[in-house]
Amino acid sequence: MKNRIILCCLLMVLSSTVRGQLKVSSLRVEHCVNPSVVDVQRPRLSWVNEPKNERVKGQRQTAYRIVVASSEERLRRGDYDLWDSGRVPSDVSVLVPYGGKELTSRQDCYWKVQTWDVKGRRSKWSPVSHWTMGLLKPSDWKATWITARQPEGAPMFRKTFNLNRKVTRAKAFVTAGGYFELYVNGKKAQGEDLLVPNFTNYTTREGLDKGGIALENSFTAYRVLYLSYDVTALLQQGRNAMGAMLGDGFYRSTSYHVGSFGEPCFLCQLDVTYDDGTTESICTDETWLTHPSSITLTGVYDGEVYDARLEVPRWAEADADESSWKPVEKAIAPVGRLTAHTSPTDRITEVLQPVSFERQDSIYVITFEKEIAGWIRLKDIKGEKGQKVEVEYVCESPLGKEAYICKGSQAGETYAPRFTWYVFSQVKVRGLGNLTAGQVQAEAVNTDVPLASEFRCSHPLLNRINAIWQRSQLDNMHGCIASDCPHRERLPYTGDGQIASAMVMLSFDAAAFYQKWLRDMRDAQNPTSGYVPNGAPWQPTCGGGVAWGAAMNVIPWEYYLQYGDLEQLRLCYQPMRDQLRHMLTWLTPDGTMFQQKRNQETGEVCYWLNLGDWVPPYANPSDEIVHTFYLWLCATNTAKAAKVLGDEAGRQESEAVAQRTWEAFHKKFYDKQNATYGDFGPNILALYMGVPEEWKDAVVETLRKEIMDVHGGHINTGFVTTKFFFETLTDYGLHDVATSAILKTDYPSYGHWIEQGATVTWEQWDGQNSHNHPMFGGGLTWLPRRLAGVNVTPEGAGYKHFVVKPVPAVGVDTVYYSLQTPQGMLSSHVISHEGKLRSLEVRVPVGSTATICLPSQTIEVEQGKHQFFEDSLADSE
């Protein structure tokens, strides 16, 4: 008996030391990787469990342990002075709230996590991750906003200071009204960040209640985002210097598209900790100095001119000559709340080399493989002092100028813009006698939202359509908002954004992006009426209508489905209800919705505040039909949110609105004699809502004839309805019609753009106006959700559970789609022939379950790779 007890104890010890079958990776804080500044008191922590052996199925997390320390050294030696959760029995690996000691301003937090698998075996510790707390109280801010009062160009600021003791930690908390670059002792201190801070509703503005699209000048909140940089390694004992350069950004603009916020201004606080534990703050104040920089023109719309002859040597170093520098002035501070910049910044995300390089007389014509938003970098060019080099970015829409004036350096000069971007696939360079292809590269600049998916299939046109939309979407992401176009307007249209949002989330790692932009929408909401404007942050030339403000009800629900973020849904729930309340003020006596919002200045009904659908190939449907559809959709989404959040009264209220609207829609708009709701989209919208059963077959047949006979198999909708076009056709047995429409290469179609050389998606089917608009990508959800068949369920939000139900298409024999979900990587690989399923391989991540819908049966599966074949339709595992 004694020997048996000893043996059992040994086996228990041995089993406890055997590593589990999970590998922990992809640590996140508030959806961000290693965020440098967070002001949420209890940040939410996430990680991904990966199977160590793909052949093992049914793996899941049964427990976790999170440890957090104030330094990496403490963490590594096991001194978890901030939090040790202990072993927590739980399968939750997404958005786990921090539960340790109260976090204070400037606190460094290093953390790692360990999990237990289905058999109770521990994983190895994850890699170490990190976050830093921001300045949590207004009183933590000692810095003063400063300005140069410079009418144009980019001013420089500098401050020298002495550090006479050893510095153990130094963090710069910094922001601007406009864009900034930060330097410490002559070195750039902001890593790869560009065009920061992100765009927000910085402060109050005069005149928004006047003009062509005049609104009440009333918004819920104003906000300025600040960043944090660890600059410890850049400091030295003795004399030091901080410097900054300031661009106008959207804060000050001459463009009529923008309601300027004021004079560009700068705020910086360097908090230093010495080895004896004492602290010191070096802050912007009226002791700082300013000087014009070599950037003589700066503007998001105007462009940039750089005169290298005006460079100030060593301007951000401690020993610079300050004799020509002048004192700064105290700025009129923006009223916006200083908020941590816990969101992705703009960065260089891709570098392109020329595919064609020609000299035509004195002009170099340089072509790249695709259109991007960004700039070109000229490297090691040589010119005489005062020689002017001009860069023309070839684009169908207006762009600002770019010029570089040489200083005459024999060592060569390198230049790229700092505070704007251009849109191009071709440039013309003038003013250089000798230039080679190796001296030019194109740099794509956009908000750093990495691709999180892969879609490929056997039909090259579908692959190409997806690729050009992805490029267009990235080109339109700057300042952590999504614009309509990256050149002409550059504005954060809520309508374009909500239409494309589902496809963005099915393609990119966009959780942190939308977390920020949804807050912008809440900030832009009218606190009295509940109205959400056509752009957020609001700009006074954003035209739109009901589908634009509906972003407040559409994106939060889609976000919840994709990321399972209950807190974000909770934050958006009351704004959703308020927007719905606004919509209900436009009910007709028939119970439909017909918004006729008036210009705040003139009192007249404003066309640009009341659009229905937009940019159709043939004609728009009735605005009233589109408005009523969106009232139903917003009420439906609000009811769904209420159910998830446990608001039973709110659910019943919103469901009642949705039901009344559904009844009114069908009663008023259905033409029973002709079995139609109308051409150009209403039949799509009606079927998406669900038509009365006794009408359904007739409406479906009408829709088939409408598209195939009247429009030759082509799409017939504007961008608002295109979002629903392909999926609705497939869901009502018209998969062949959907396939026909998306594979067309003549007008109107995606393929028609590509036939004309498009490398991004366009604004209009006929090619008018902008050639870089991503909103028609809203309809491409058909690729992952119908061809690949992947759909998340409300009950399994964040891909705790999803359904795979592919619908094979004739002419598309193979389809592969993968997505990095909050739980891990999922994939669907479909092989078919003549529209019949031959095989299906599905990868289910750890922590997820899936329902596999095959032609003859439905199967529930857990983590692992699962294969199904046509002959047996049985799981081959």
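Let me begin with a term: a residue is called buried when its relative accessible area is under 20%, exposed when that value is over 50%, and partly exposed in between, with a 1.4 Å probe and protein chains only. By that rule Cys-480, at 0% relative accessibility, counts as buried. What we have here is a predicted model, in which local features need pLDDT of at least 70 and side-chain atom pairs count only at pLDDT 80 or more, while totals for chains, interfaces and linings use all residues. Residues are numbered from 1 along each chain as its sequence is written, and side-chain values use heavy atoms, with hydrogens and water left out.

Staying with Cys-480 for a moment, this residue has a positive phi of about 60 degrees although it is not a glycine, and it is found in the loop between strand S33 (477–478) and strand S34 (481–482). When I speak of helices and strands, I mean DSSP runs numbered from the N terminus, with helices being H or I of at least four residues and strands being E of at least two.

Another residue of this kind is Leu-195, which is not a glycine and yet has a positive phi of about 55 degrees. Leu-195 is found in the loop between S13 and S14, and at 4% relative accessibility it counts as buried. Pro-197 is found in the loop between strand S13 (187–188) and strand S14 (223–230), and the peptide bond from Val-196 to Pro-197 is cis, with omega near 5 degrees. A cis peptide bond also joins Ala-536 and Pro-537, where omega is about 0 degrees, and Pro-537 is found in the loop between H5 and helix H6 (546–549).

Let me turn to the interior. In soluble globular proteins, nonpolar side chains tend to be buried together. A nonpolar core, as used here, is a set of buried Ala, Val, Leu, Ile, Met, Phe, Trp, Tyr and Cys residues joined through side-chain atoms within 4.5 Å. The largest nonpolar core has 208 residues, of which Ile-376, Val-429, Tyr-630 and Ile-852 touch the most other members. Helix H9 (residues 623–645) gives the most to this core, with eleven residues. A second, separate core of 30 residues includes Phe-180, Val-196, Val-231 and Tyr-274.

Which residues surround Val-429, if we do not count those up to four places away in sequence? With contact meaning heavy atoms within 4.5 Å, Val-429 touches residues including Ile-363, Ile-376, Val-391 and Leu-435, again not counting residues up to four places away in sequence.

Next comes a buried acidic residue, Asp-108, which has a relative accessible area of 7% and has its place in strand S7 (residues 108–116).

Thr-661 has its place in helix H10 (residues 648–669) and counts as buried at 3% relative accessibility. On a 1 Å grid over the protein atoms alone, a pocket is an open set of points with protein on both sides within 12 Å along at least five of seven lines, where a cavity is a set where a 1.4 Å probe fits but cannot get out, and lining residues have an atom within 4 Å of a point. Grid points are joined across faces, edges and corners, and a volume is the space filled by probe spheres set on the points. About 950 Å³ of space lies in the largest pocket. Of the 39 residues that line it, the closest to its centre are Glu-30, Arg-44, Asp-565, Glu-567 and Gln-568.
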